[in-house]
Each structure stands twice: as structure tokens, then as C-alpha cells.
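Colleague: I have a new model open and would like to go through it with you. Can we take it piece by piece?

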Amino acid sequence: MSNLEEPSESSHDSVPTLPPFPFLDLPSELRSKILSYLLCTDRRTIDLDPANHRTSTARLHLFLVSKRFGYEAYHVFYARHTFRIFQTHGRFLGKRTEPLIARLPPYYRRALTSLELRLGPGWSDPPKPWYVSDRLGLEDCTAVRTLRVFVEVDPSSPVFKGFRLNRHFFTNFSGALLQDVMERLPALETVEFDAYPSVDRDGALMTRLLEVTKKADMRIAWGLQREWGDSLADELEKAGLKARKARGFD
């Protein structure tokens, strides 16, 4: 006779069954706040990157909870992150690799609120996927108000002499690329510039980018890394004054 006996139900400690938490009954602002804690990554700029499966993929499973939950979740995820237009990781610079935003369905692109254009990788030979066309779906980005432009290097600097194709090649390429991107974003209002310390705000590349932005009648803002601000001449121009000489004014 076996000494093993099945335990009776009364021998188990009873574990109370809690009802599901009524998350969708919370106010929308509170739901959005909670979802931002769950979905926002430390890397606020999203790009094609081998690390995405560790930083983002698990979070995206929340999209599958239910239709309504997924709708709210993807709006938070895509609105709270900046998406890079053209990939910069070396593994994804092949000519057959489509940019990340080109892979998104239109309803995800409509949830985006900010994009990033990073200039510098491939300055001597820009990556083949770096061109603007219908495949990017920029016209679908109807909620994008801010375009962040980050400049890694300015090859027009004398230090690049002997390594570049010519002094103006990357300047012309970048200016045309920025112009093409701005023309396709239907609701764009602000272009925010930032750069690494080696980039001169008064250099040829930044000068061209600012000229193109002003010509497109976009508001110009400055990023936090360089903390560039308006020059004295710019401030006077805004005030309707004119700087005559650095030592004084009439």
C-alpha cells in the first residue's frame, strides 16, 4: 500500500483570487502616464540597432493585450520616442537595408511626433539608403512637429583636408537632404540643431543647414548638448535693431 496520498483541498492554504485591475477605467491622462513608464526606454532615439531586441521588443508585447490597450500603447510608444530617419549603425548601412520608418505601417507613422536626422556617418561616401523618396512615408507623419538635426562632423573643416572629396561635397549633400525631408513633413514647425563639440556653429555645414531651414520658414531651436543659443546679432534682429559694431551701438 502506498504511503503517498493526494493532499486534500483543505490542506492547501487558500489563495484569494483577485479580480483584474480595471486599468481602462482610469482617466486617460493617468493611463498614458503609466504606459510611459512601461514603454519608454532609456534610449529615447529609436533606430535600427542590434540592441533593440533587449531594449524595446519586450515592451512591444503590450500592444497585443487587447485592441484598445494596444491602440493606446502604440500611441504612447511612438509619440514619446524620437525616431531616426536614416540608420547609422554599421550593420544596417547596406544598400538593400530600408530605414526603420520605411518599415513602419502608416498608422504607426501617424503617431510619431519627432524625428531625427543625424549627419556625419559616411561623410566621404554617404550610405546608399540615405535618400528621400516615397518609401519613407514622411507624408504619413502628420503629427511630427519637431525635426532634430544632430551633426557629428563638419568635413569642410581644414582638419579634413586631404581626406574629403572636396570641401563642399558633404555640405551640399546635407543641405539638400534636410531640404527634402522638410518638404515632405506636412506639419513640421521646428528644426532643432545640436552637434558634437568639434562642430563649429559658424562653419560651412551649419551655416548651410541654417540657411535651408530659414528659407523653409521653420522655427529654429537648439539642443541641450551644445546649448547653442541665438547670437547677439540674432537677438538684435529679433528686436528690430541692427548691430553696427561689436564695441557699441548707435
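**A walk through the model**

Modeller: Leaving out residues up to four places away in sequence, F92 touches L48, D49, P50, Q87 and T97. Keep in mind that this is a predicted model.

Colleague: Where is F92 found?

Modeller: F92 sits in the loop between β2 (82–84) and α5.

Colleague: Is F92 buried or exposed?

Modeller: F92 has a relative accessible area of 18%. The cut-off for buried is under 20%, so F92 counts as buried.

Colleague: Let's step back. How many helices and strands does the protein chain have?

Modeller: There are 9 helices and 6 strands. The chain has 250 residues, of which 42% count as buried. Among contacts with a separation of 6 or more, 77% are between residues 24 or more positions apart.

Colleague: Which residues touch the most other members of the largest nonpolar core?

Modeller: Y78, F83, L115, L147 and V149 do, in a core of 55 residues. At least two residues of this core come from each of α1 (28–39), α4 (67–80), α5 (100–103), β3 (114–119), β4 (146–151), α7 (169–184), β5 (190–195) and α8 (204–215).

Colleague: Why would such residues be grouped like that?

Modeller: In soluble globular proteins, nonpolar side chains tend to be buried together.

Colleague: Take L147. What does L147 touch?

Modeller: Not counting residues up to four places away in sequence, L147 touches I85, L115, E116, L117, L178, V181, M182, L188, T190, V191 and E192.

Colleague: Now helices. At roughly what angle do the axes of α1 and α4 cross?

Modeller: They cross at roughly 65° and come within 9 Å. That angle makes α1 roughly perpendicular to α4. The crossing of α1 past α4 is right-handed.

Colleague: Which residues make the contact?

Modeller: From α1 they are R31, S32, L35, S36 and L39, and from α4 they are R68, F69, E72, A73, V76, F77 and R80. By class, the contact has 6 nonpolar, 2 polar and 4 charged residues.

Colleague: What about α7 and α8, roughly what angle there?

Modeller: The axes of α7 and α8 cross at roughly 25° and come within 9 Å. α7 is therefore roughly parallel to α8. This crossing, α7 past α8, is right-handed.

Colleague: Which residues meet there?

Modeller: F170, T171, N172, S174, G175, L178, Q179 and M182 of α7 meet A204, L205, R208, L209, V212 and T213 of α8. They divide into 7 nonpolar, 6 polar and 1 charged.

Colleague: I also clicked on F169. Which helix does F169 lie in?

Modeller: F169 lies in α7. F169 is partly exposed, with a relative accessible area of 28%. Beyond residues up to four places away in sequence, F169 touches W123, S124 and P126.

Colleague: Last one, D217. What is its phi?

Modeller: D217 has a positive phi of about 60°, although it is not a glycine. Most residues other than glycine have a negative phi.

Colleague: And where is D217 placed?

Modeller: D217 is in the loop between α8 and β6 (219–222). D217 is exposed, with a relative accessible area of 69%.

Note on methods
Residues numbered from 1 in each chain as written. Predicted model: local features only at pLDDT ≥ 70, side-chain atom pairs only at ≥ 80, totals over all residues. Heavy atoms only, no water. Core = buried A, V, L, I, M, F, W, Y, C linked by side-chain atoms within 4.5 Å. Buried < 20%, exposed > 50% of the residue type's maximum accessible area, 1.4 Å probe, protein only. Helix = DSSP H or I, 4+ residues; strand = E, 2+ residues; numbered from the N terminus. Contact = heavy atoms within 4.5 Å. Axes fitted to C-alpha atoms, helices over the stretch in contact; angles between N-to-C directions. Parallel < 35°, antiparallel > 145°, perpendicular 65-115°, else oblique. Left-handed = near helix turned anticlockwise from the far one by under 90°. Nonpolar A, V, L, I, M, F, W, Y, C, P; charged D, E, K, R; others polar.
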